[in-house]
Every structure is written in C-alpha cells, then in structure tokens.
Amino acid sequence: MFRKSFVAALAATTLALTACGGGSESGGSGGGAGGDDTITMGFAQVGAESGWRTANTKSVQDSAEAAGVDLKFSDAQQKQENQIKAIRSYIQQQVDVIAFSPVVESGWDTVLKEAKDAEIPVILTDRSVDSADTSLYRTFLGSDFVEEGKKAGEWLVEDSASTEGPVNIVELQGTTGAAPAIDRKEGFEAAIAADPDLTIVESQTGDFTRSGGKQVMEAFLKNTPDIDVVYAHNDDMGLGAIEAIEAAGKVPGKDIKIITVDAVKDGMTALADGKINFIVECNPLLGEQLMDLAAKVVAGEEVPARVVTEETTFTPEQAKEVLASREY
C-alpha cells in the first residue's frame, strides 16, 4: 500500500503535526484517499448514545484535523451491521488505517480478516473484541472496564461497612454484549463479593442511554420497594435513574445512593449536587493517542498490544473542585 521508506517519513511528519496542530495540503496518495503526506483513516463510531460518546467523537475529529489526518467518519447508530458495512467500505476505499469502537464484542472475525488480507491495519478504540486471533488488529486503546467496575464496588463496600443488614442494589447495565457492560458488571460483582450483605436484586440493560436508564429505573421502583443503591454502567443511565427516583418522591443520593461510570459534565454536576454519590472516570478524550498510534502502525512500527488510559474517581467534594475545568 505504501512504500516503506515513504511511510517512515510520513509517520514522522504526522507526529510533528500532532504536536503543533498543523495540517497538510500536499496531494497524491499511495494507498488512501488523501494526499502524498496524508494518512487516511476510516473511523466507525458506535453512535451518539451518551454525552461520553459525543465527547469521544469530537476528540477523534479534532485530533485528526490537528494531525493532518484525512478522517472518514461513520456513525453506526449502535448497530453492528452498520459498523461492518462501514469497515467494508473503508477496505474498498483502500484507506491506510481503520479504527473503530465495537458495538458488541463478538462477530468481528470475518470483516477483520478482510482488512488484514487487504493489508490495512486496524486499531480498536474504547472497546475490545472477543476474538481468539489477536493478529486481526494491531492494538487496543481504551479503559480497563473491569477495573472501573472494581473501583465502583470497592467504594460501595467501604461506604456500607457501618451499615447493618442487607443492602439491595439495582444495576443499570450497558448495551447487551458490549465490552464495557460485560466488564463493568464483572468487576463490580467481584468487588462486592467481599461483603455478603451487598446483593444485586435487579439487573437490566438501559442501553447506555438516559431514556433507557429512566425507563428501567421506573420498573425497578415498581417491582422492588426496598432499593438502597443504584449502580449504573454510565452517567447517562444514572441521570435517567435520578429522574425516575425524583418522580417517585424519593431523594437521589440520600434515599437511594447512586454510583455511575464516566464523569461527563452532566454526571459531575449531579455528583457535585449530591444526587450521585460516587463516579468512576472513563476518559473519552482518546483522539490524540489514536492519531499517534495510527501514524506508527501505518509506518509499520511496533506498538503495545494494549494501551490503557489513565483515569481516577470522584466524590461530591472532588467534583466541586474540578467541575469548572472539565472538558467534557
């Protein structure tokens, strides 16, 4: 697709552009749709289901522009078939690199093998795939979702240490089959196993959406009269749960404690207001790291098989301190 000597020079150029925020106007490409010194990336996004995803998309688009990368972007609207169609389109267009955040974990081997046969490297972002053949992609950039779930569970174990009797938890899961939904559940359950009084009494998907979180929480409140804690796999579902709790005449954060994952601005605002009790951060600003990795894999350089983003946790007090400076 690219001559090796040319690609090596291209990688250095792109990394320099990332640092200074410049762009390239030169023409003609060996393998992509861009110019001679332009990397063409096909990016297949999950959708726009949450504030986190919107921030993630903006980060990728802004970072591509800053790095001089010709970005071909598609929104899968949370449907795997749309992502597969987009990836095949990128293969047909002979882009230089493909990046995507998988809607679900399984069912990718065939299309990823097509990309490999076309000698187009693939980078997974935010979410991984469940494939025994790790040669089908070059690297995975994103969070450790199991660790996020553990952090949420460990906080609850500590917070409930002085509580006598059972603690009833309802869980708002992410999209069924999605890596963060599977892993955040696994990590949380592993952590709360340390306290036999902590029990998940209801668990259902809210598809990572605010409306889904509200709808499922309304059902939980009708079916389960004694709810002590809500564990939501993202902020948006937690914010939907708050609406349902308030509509039921209860006080979120007091009558029912709420734990979420993401730390987007709306979630952090609710945390600062005491409506959420604890948030585990999941950083959506992956664009700059993605462009750096893209330049390296197009150049044929070795990259780590797993690149984990650095993240933290927030209490209401900590949220108040950083809320004004949040970028998303």
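Trainee: Which residues in α3 meet which residues in α4?

Mentor: The model is predicted, so local features require pLDDT of at least 70 and side-chain atom pairs count only at pLDDT 80 or more, while totals for chains, interfaces and linings use all residues. Residues are numbered from 1 along each chain as its sequence is written, and side-chain values use heavy atoms, without hydrogens or water.

From α3, the residues Ile 84, Ile 87, Arg 88 and Ile 91 meet Thr 110, Val 111, Glu 114 and Ala 115 of α4; contact means heavy atoms within 4.5 Å. By class, this contact has five nonpolar, one polar and two charged residues. Here Ala, Val, Leu, Ile, Met, Phe, Trp, Tyr, Cys and Pro count as nonpolar, Asp, Glu, Lys and Arg as charged, and the others, Gly among them, as polar.

Helix α3 covers residues 80–92 and helix α4 residues 109–117. Helices (H or I, at least four residues) and strands (E, at least two) are DSSP runs, numbered from the N terminus. The axes of α3 and α4 come within 10 Å and cross at roughly 10°. Axes are lines fitted to C-alpha atoms, for helices over the stretch in contact, with angles from 0 to 180 degrees between N-to-C directions.

Turning to the strands, β4 (residues 122–125) runs parallel to β5, joined by three bridges; two strands pair if DSSP finds at least two bridges between them. Ile 123 stands opposite Thr 139 in β5. Strand β5 also pairs with β11 (residues 306–308) in the parallel sense, over three bridges, and Phe 140 stands opposite Arg 306 there. In a regular strand the side chains alternate between the two faces of the sheet. Within β5, Thr 139 and Leu 141 point one way, Phe 140 and Gly 142 the other, and all are buried (under 20% relative accessible area; exposed is over 50%, partly exposed in between; 1.4 Å probe, protein chains only).

Elsewhere, six strands form an open sheet of mixed pairing, in the order β7-β6-β8-β9-β10-β12. Its edge strands are β7 (198–205) and β12 (313–314), each pairing on one side only. Strands β10 (residues 278–281) and β12 pair in the antiparallel sense over two bridges, and Val 280 stands opposite Thr 313.
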